[in-house]
Amino acid sequence: VPARPERFVSLSEVHSKSGLTAQFIAGYSEQTALKFLDRHSGFTGLRYTKSMHKGKDWFVVFYGDFGSREAARSELESLPGRLARADSWIRPSSDL
């Protein structure tokens with residue numbers, strides 16, 4: 001059971017998207033994702049999911065469903081405050 005069900009998206013739902021997303025952070029501990037969400041609590045568009053990496057749970061914080069890298073970059077530049085300057089990885093949603 002996810003600690004923040006209102007921000008959690010199942011991996012199957014994420015993988016069903018055909019577009020691109022922006023991954024901000026990932027780690028083996030759900031707390032890693034939750035701390036990032038807390039630091040950016042004013043922006044409710046961030047979501048997280050749980051996948052597997054090297055045989056262990058892997059929690060990923062991501063944002064958006066974009067049709068192109070250009071659309072993703074443009075949207076990321078318009079995010080509020082520190083989030084706009086945070087490193088992100090634009091990648092297919094199906095690869096999370």
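Start with E2 and strand E3 (residues 56-66): seven bridges pair them in the antiparallel sense. Keep in mind that the model on screen is predicted.

**Stop 1: along the E2-E3 pair.** Select Arg 47. Now go to His 53. The bridge partner of His 53 in E3 is Lys 56. Between the two strands lies the turn. E2 and E3 form a hairpin, with two residues between them.

Stop 2: Four of them form an open sheet, and the order is E2-E3-E1-E4. The pairing is antiparallel. Which strands stand at the edges? They are E2 and strand E4 (89-92). Each has a single partner strand, so one side of each is left without a neighbour in the sheet. Turn the view to follow the twist, which averages 45° from one strand to the next. While you have side chains on display, recall a general rule: in a regular strand they alternate between the two faces of the sheet.

**Stop 3: strand E1.** Select residues 20-27, which make up E1. Is this strand largely enclosed or largely open? Six of its eight residues are buried, so E1 is largely enclosed by the rest of the structure.

E1 and E3 run antiparallel and are joined by six bridges. Ala 26 stands opposite Val 60 in E3. Gly 27 faces Phe 59, also in E3.

Then look towards E4. Four bridges join E1 to E4, and these strands also run antiparallel. Select Gln 23 here. Its bridge partner in E4 is Trp 89.

**Stop 4: His 40, in a loop.** Leave the sheet by way of the loop between helix H2 (30-39) and strand E2 (47-53), and select His 40 there. Is His 40 buried or exposed? The relative accessible area of His 40 is 11%. The cut-off for buried is under 20%, so His 40 counts as buried. What does His 40 touch? Leaving aside residues up to four places away in sequence, the contacts are Leu 46, Arg 82 and Leu 83. Show those three side by side with His 40 to end the tour.

How values were computed. Residues numbered from 1 in each chain as written. Predicted model: local features only at pLDDT ≥ 70, side-chain atom pairs only at ≥ 80, totals over all residues. Heavy atoms only, no water. Buried < 20%, exposed > 50% of the residue type's maximum accessible area, 1.4 Å probe, protein only. Contact = heavy atoms within 4.5 Å. Pairing = 2+ DSSP bridges. Axes fitted to C-alpha atoms, helices over the stretch in contact; angles between N-to-C directions.
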